[in-house]
Amino acid sequence: MRKIISVGLAILLLVGAVILAKYLIDNKQKPKPRFDRIVKTVFTQEVKNSSVPIIISTNGNLEAKNKVELFSEVQGVLKSSVKEFKPGTRFSKGEILLKINSDEFYANLQAQKSNLFNVITSIMPDIQLDYSSEYNKWKSYLEGFDIEKPIKALPKTNSDKEKFFISGRGIFSSYFTVKNLEVKFNKYTLKAPFSGILTEALVNRGTLIRSGQKLGEFIDPSVYEITVSVKSEFRNLLQIGKQVELTDLERENSWVGKVVRINGKVDTSTQTIKAYIQVKGEELKDGQYLEVALQAKSEENAFEVSRNLLIDNSKLYVVKDSILDIVDVNLVFENEKTVVVKGLTNGTQLLAKAVPGAYAGMLVRVFTENKNKQ
């Protein structure tokens, strides 16, 4: 009996195994659902070829057109003046920027003036006797001699004899010694060459200044220049007097500049030409970074598209009868975000936004905005 039961269990287990195997085989061979028929919705734009202006973008840093580096030509201690010699301080044209102590030098200058006056005075009796006709002009010169004021030019000599006499007494040498000291004395006071602002100050009151030492930097904040490098192939597009647009990095502000100079030399390493653009504006600052847009020629029968739509720099996706297709185009010009292409037919439905996983032959549905108001 037990033997019959064991045989029956074995048969049942064998039948169950066969049924399970058949189920697994049937389930494995069952076809998987197809997803290649899923239709994606895409955005398109209609191609309308036209005249597209070519804009060359470049950049550079602003620099004040009138910029002066201040150096000392004399030695002395810096004195206090009406305005502080500090960055950001504004000065009008002719206003004193700084003063250097000149007491010792001034005393030497006055001594030389006094010496010149004494030398001329000593020859007056000889002039009255030997050059009586010239006496009055020399007398008038002495009467108008003011040691506290810059000396006037010596009276003109009317003959070689008078000239040799005056020169022999050392009057010419004394006069030019005084003039030289007067010029040097003026260098103890630095005045603003134009109305502007102090952008750099390297010395403070009481500092001992030496000859040749840099004191600071002074600029005119009303006019700036920016130097840009343009590829040599576009050199014919640069013209003096041409207006260009300048923008800041945030593209929130823009200014109109003018090409004022063009370098006649091509940089051998970069094959570029430097152009100098002048611009004015209250919000501009020295050293500010700006982008420049130079308008070149216009490309006829062309179309401008987003740069990320371009495939292998020569192809674009188009929609034909709800199917994606690839067409070849001729790349004319590249900007930072867009490209200008030729070779598209008017009316072609071009992808307006990139489609992830796109391929030629893909089924798509063109998105159409419902403009009907309910």
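Setting aside residues up to four places away in sequence, T348 touches Q45, E46, V47 and V318, where a contact means heavy atoms within 4.5 Å. The model is a predicted one, in which local features need pLDDT of at least 70, side-chain atom pairs count only at pLDDT 80 or more, and totals for chains, interfaces and linings use all residues. Residues are numbered from 1 along each chain as its sequence is written, and side-chain values use heavy atoms, with hydrogens and water left out.

T348 itself sits in the loop between β20 (338-342) and β21 (349-351); helices (H or I, at least four residues) and strands (E, at least two) are DSSP runs, numbered from the N terminus. The side chain of T348 also reaches the backbone oxygen of T345, at 2.7 Å.

Next comes helix α3 (residues 135-143), with Y135, W138, Y141 and L142 buried; buried means under 20% relative accessible area, exposed over 50%, and partly exposed in between (1.4 Å probe, protein chains only). Looking down the axis of α3, these buried residues fall within an arc of 130°, so they line one face of the helix; the arc is taken from the directions from the helix axis to the C-beta atoms. Among the elements covering them are α2 (103-130), α4 (160-168) and α5 (171-186). On the face turned away from the buried side, α3 carries the exposed residues N136 and E143.

Last up is E245, found in strand β13 (residues 243-247). E245 is partly exposed, at 43% relative accessible area. Beyond its neighbours within four places in sequence, E245 is in contact with S254, W255, E291, V292 and A293. The C-alpha atoms of E245 and S57 are 9.9 Å apart, although 188 residues separate the two along the chain.

Terms used. A polar contact is a pair of N or O atoms within 3.5 Å; within protein, one must be able to donate a hydrogen and the other to accept it, and residues adjacent in sequence count only if both atoms are side-chain atoms.
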